[in-house]
Amino acid sequence: YQRRVHGDGSNQVAVLIRECKLTLDELPVSNFVEYQFTEDGPWMLSWVCRDALEHYRSTKFNQWREMMLHPNCEAAFKRMLKKGMNSKIYDEHAFPEDEADLPHWQETDEKTGKLVHIPHPVNALRIWNSETERYDPVEARMDGSPPESEEKVYWEQFWSTLVEQHGQEYLESLIRS
């Protein structure tokens, strides 16, 4: 949630406060990271503060790997396979999509009927620096993910692991469908 904190009327001060989805702390919006999904896309205010993001980024790559190795929803797994390697931070609560983009990043689990969110990696992150009066870039790459120059090799090796786990025929049938 967000709320405004007003001054006593004489100062006309208004501070926008937002709750960090990870720490549940109430902080000024200047503590929150901005994100964009595409290089030329709009910048949006996230629901995560920088300090929490630093820790969160250390867990997300392993979470993505586990979703690929042990999928709960075949439809979501198929979409993730088609997207391939994911090395940048994602989270549907911290970095929500525009309402119009949601259908591209959700699938209905055929077993439970529940909506499953497909990881939507951000393209870039930034935060406002009030001292320099400019934006500072924030690392979007997840800790533990390979350097960009090694992503292709990593994906090929990980694909071999997926084949051992799920079978070549099954994976190819998902990608073809």
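**Notes on helix packing and salt bridges**

1. Covering the buried residues of helix H2 are, among others, helix H1 (50-69), strand E6 (106-108), strand E7 (115-117), helix H3 (151-166) and helix H4 (168-176). Contact here means heavy atoms within 4.5 Å, and buried means under 20% relative accessible area, exposed over 50%, partly exposed in between (1.4 Å probe, protein chains only). Helices (H or I, at least four residues) and strands (E, at least two) are DSSP runs, numbered from the N terminus.

2. A word on the source: this is a predicted model, where local features need pLDDT of at least 70, side-chain atom pairs count only at pLDDT 80 or more, and totals for chains, interfaces and linings use all residues. Residues are numbered from 1 along each chain as its sequence is written, and side-chain values use heavy atoms, with hydrogens and water left out.

3. Back to H2, residues 74-83: its buried residues are Ala75, Ala76, Phe77, Arg79, Met80 and Leu81. After H2 comes Gly84, with a positive phi near 80°.

4. Lys60 is buried, at a relative accessible area of 2%. Its side chain makes a polar contact of 3.3 Å with that of Tyr56 (a pair of N or O atoms within 3.5 Å; within protein, one must be able to donate a hydrogen and the other to accept it, and residues adjacent in sequence count only if both atoms are side-chain atoms). Leaving aside residues up to four places away in sequence, Lys60 touches Ile89, Tyr90, Asp91 and Met142.

5. Lys60 also forms a salt bridge with Asp91 (3.6 Å, N to O); the term means a side-chain nitrogen of Lys or Arg within 4 Å of a carboxyl oxygen of Asp or Glu. Asp91 sits in the loop between H2 and E6 and Lys60 in helix H1, so the bridge ties together parts 31 residues apart in sequence. Both Asp91 and Lys60 are buried.

6. The structure has nine salt bridges. Another joins Arg126 and Glu34, with the closest N and O atoms 3.0 Å apart. This pair links distant parts of the chain, strand E8 (residues 124-129) for Arg126 and strand E4 (residues 32-36) for Glu34, 92 residues apart. Both Arg126 and Glu34 are buried.

7. Within helix H1, Arg57 and Glu54 are three residues apart, about one turn of the helix, and their side chains form a salt bridge (2.6 Å, N to O). Arg57 is buried, with a relative accessible area of 6%, whereas Glu54 is partly exposed, at 33%.
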